[in-house]
Amino acid sequence: MAALEDARVPLKAALEDARVPLKYYVSPRETAQERVGGALDELAKRHALLEVERVSEPGDADLIWLNTPSKAAKAACRDCAHYNHVAGARAALEDKCRMGELQRRMGERTLRSETFADRGALRAWVAKHGPALDGGWVVKDATANSGVGLWFAASPGDLAALAASDAVDARGEVVLQQYLERPMLWRGRKLQFRVYAVWQGRSCFLYAGAMAQVCAAPYAAPVAGEALAGTAHVTNVSVNKDADEAAGGAFVPERPILDLAAAHPAQFAAMKRVLRSLSRACAPGLAPAAAGRNRFELVGVDFLCDDDAADPHAWLVECNCPPNSAGSAAEGPIEAFHHALMVDVLDRFVVGGSARGRWVAVDAGAPDVGPKAFSERFGPSLFWSKFDKASQRVAAAAYGGRKDAPPPAASTAVAARARKRFALYASTHGSSFDGSWAFFENAGGSQVPAAVADACAGALNARWRDELGAAAKESARAFAAAFLGASGPCFFAANASTALDTVARALDGPWLDGGAIVVCDASHEANVVPWLRLAAGRELRTWRVDGAAGAPDLAALDGLLDDAVRVVAVPHASNVTGDVYDAATVVAKVRASCPGALVIVDGVAYAPHRRADAAGLEADCYVCAFHKAFGPHLAAAALSSRLIDRVARFPAPGAGARALEVGTVSAEACAGVAALRSYVEAAAADSRPCDALDDALDAFYEGVALAEAAPLARLLAFLDAAPRATVLRGAGAVDKLPTVAFSHANLAPAAVVAEARHHKIALRCGDFLSPRLLDAVLPADARPAGVVRVSLAHYNTVAEVDRLCAALERMEKW
């Protein structure tokens with residue numbers, strides 16, 4: 001028995017040297033006893049030195065095969081060398097009620113699945129969401145099998161009628177799943193592929209053969225108001241075998257495919273890709289492989305393929321652990337296929353023989369989900385239910401444990417309303433970049449409401465500079481002042497960098513001579529470089545980022561402030577980490593220590609997410625960039641009277657900030673900024689009536705904060721639970737915006753971005769023109785690559801964040 005002491009070593013190697021006994025146990029109550037026994041007998045014939053013996057007690061067995069795990073055999077199963085179950089696999093893969101969650105983690109296009117505790121919950125959900133649904137739907141009894149416990153609805157109206165009736169007699173939980181209306185057909189009949197996969201620990205292997213399951217009756221697309229016949233729409237063998245017998249046995253509902261890749265290469269490739277995503281998604285819920293213990297799980301995975309022959313998509317329907325090993329015929333090709341499948345399972349995963357060529361690893365390598373993986377953050381969470389609860393605990397922690405945290409549905413409702421007003425989300429087809437993408441690069445430039453885009457186009461289509469152009473500029477100035485919370489004048493510039501550079505150049509003069517300028521390492525270069533140039537021949541003081549704290553220390557600022565200070569340039573929020581700094585306290589310190597100094601605040605990262613209040617903050621210059629706040633490419637700066645008095649360029653006091661505008665301001669950009677007001681007011685009206693723009697801006701930003709809360713919490717929960725990911729955070733932040741930067745111990749930022757874009761998720765990596773911040777918080781060898789930045793806006797959804805999490809989690813070294 002020495003060869004069986006380490007189950008990681010295939011028996012094949014031992015069989016070449018000496019006889020190896022293999023004692024196996026199958027419960028006499030199991031339907032698989034003849035299937036397993038027959039397969040092992042054939043393997044004994046192939047390998048002359050293999051001695052197979054069936055034993056009556058599981059404790060005496062080297063191999064235990066149980067279709068249904070038994071508590072009585074629990075200890076024996078734990079200690080035996082080979083066992084046909086992976087802890088957690090049945091809960092993760094077979095539970096129909098987990099399918100929706102599993103699909104969301106996969107990040108693939110899937111047939112939408114929703115789970116309900118009972119018929120009443122289904123009825124309430126359909127009553128609420130039914131008007132937004134389309135197409136056909138299937139209601140499943142979560143505990144039923146063999147084609148029973150299924151109810152079809154050809155349209156949302158039929159679904160509403162079905163849910164309101166007593167026809168759905170499920171015994172407990174029910175599942176609602178979207179119906180594929182254009183499936184692949186075989187001779188006019190609906191076709192489903194059952195492929196076979198084996199999980200060995202967390203590694204997944206796909207079998208070369210498959211079983212095509214077809215309906216007995218010809219297929220016809222569902223028609224609203226008409227009943228759907230099971231024999232035309234349910235591919236389950238039991239349903240169609242009964243129809244076959246009633247018809248005199250003329251139809252065979254199963255068709256063995258010995259080599260699926262050769263017979264249907266495009267479909268095989270599509271199913272392999274989805275299976276890879278499935279493997280990644282469920283890996284955290286499965287027990288990893290252990291030395292001396294061979295654990296494997298045979299799973300029947302059901303797929304429907306659509307009728308696009310050129311580029312078919314494989315739609316995951318459900319998984320069966322283990323699949324039925326008895327076909328629709330006791331002899332002939334169907335029986336031969338099931339027998340060969342069992343032989344190849346045992347040959348590959350127990351004996352290690354020649355059947356290896358019949359199995360394909362769905363990943364290039366085994367999923368790299370180490371001992372400190374996501375599901376094990378809270379201990380040995382091997383089962384899906386524990387994994388799900390752990391995820392919820394992490395998500396709760398992301399809200400700071402607040403019991404009043406908004407639910408994801410509240411965030412999604414605001415985002416859904418917003419998306420209807422953005423041109424990008426009006427269509428999901430026809431462009432290389434459209435609403436099918438999850439766009440998480442908003443800190444680099446946000447999407448634009450359709451009203452803004454139309455206004456810009458209108459200004460270009462009908463240009464009259466001194467009439468229409470002048471009117472657009474005045475409207476834009478009025479809105480910009482309100483948007484910035486300014487009490488004084490504003491001026492426009494092409495971008496924030498230009499605006500800040502213009503202010504710095506305007507302040508250059510004798511007033512600065514002999515004085516000091518304070519800059520902050522947490523700033524974007526736009527609020528550093530102009531002041532560095534201005535400091536030539538003058539004193540420059542730097543408010544450093546504390547590398548351990550990840551943020552500038554307020555206490556350290558005190559030592560930089562005295563009567564010599566003329567300018568203090570600081571960020572309101574980080575464009576990299578999303579940390580909001582205590583700008584109010586900074587201004588108060590400056591006013592107390594150096595009353596004559598000017599405070600320049602970069603609000604570019606802050607303004608898209610929280611309402612700016614330049615006057616309340618008492619900032620002397622507050623800058624925003626509308627192209628990062630849902631508008632066209634244009635920046636605005638609000639100036640205080642104190643700053644204006646220092647600018648020699650103004651011909652006289654009160655001349656206005658327009659003197660700082662170089663050349664002609666873009667009329668079409670101003671038209672877009674003016675139109676942004678209509679978007680703000682429409683979005684505000686979704687939550688409450690607003691009589692004035694000031695009230696509308698308050699309501700708008702309340703909605704923005706609500707929309708961003710749940711997606712940000714979901715993202716932070718995922719990243720915080722990933723042991724190799726490090727989220728950049730600063731101590732002392734007074735708020736957290738939905739901009740998140742992280743690094744990974746095993747993956748280069750560029751690799752993460754490339755993988756995300758492969759899944760139509762837009763991210764960026766780098767230093768984002770904040771190199772001094774990253775120099776302070778990153779190790780020296782990591783600085784050139786920078787960090788990955790995920791920046792959300794109020795139109796991003798929890799579902800989009802889930803897509804990103806699924807894409808990251810299935811990266812091999814994640």
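Select helix 5 (residues 99-106) and helix 11 (residues 265-282): they pack at an angle of about 110°, with their axes 8 Å apart. Helices (H or I, at least four residues) and strands (E, at least two) are DSSP runs, numbered from the N terminus. Axes are lines fitted to C-alpha atoms, for helices over the stretch in contact, and angles run from 0 to 180 degrees between N-to-C directions. Helix 5 is therefore roughly perpendicular to helix 11 (65 to 115 degrees).

This is a predicted model, in which local features need pLDDT of at least 70 and side-chain atom pairs count only at pLDDT 80 or more, while totals for chains, interfaces and linings use all residues. Residues are numbered from 1 along each chain as its sequence is written, and side-chain values use heavy atoms, without hydrogens and water.

Helix 5 contributes Leu102, Arg105 and Met106, and helix 11 contributes Val274, Ser277, Leu278, Ala281 and Cys282 (contact means heavy atoms within 4.5 Å).

Now move to the open sheet of 7 strands, in the order 17-26-25-24-22-18-19 with mixed pairing. Two strands pair if DSSP finds at least two bridges between them. Strand 17 (490-493) and strand 19 (539-543) are at the edges with a single partner strand each, so one side of each has no neighbour in the sheet. From one strand to the next, the twist averages 20°.

Select strand 25 (residues 621-625) and strand 26 (residues 635-639), which run antiparallel and are joined by 5 bridges. Tyr622 is opposite Ala638 of strand 26.

How values were computed:
Angles under 35 degrees count as roughly parallel, over 145 as roughly antiparallel, 65 to 115 as roughly perpendicular and the rest as oblique.
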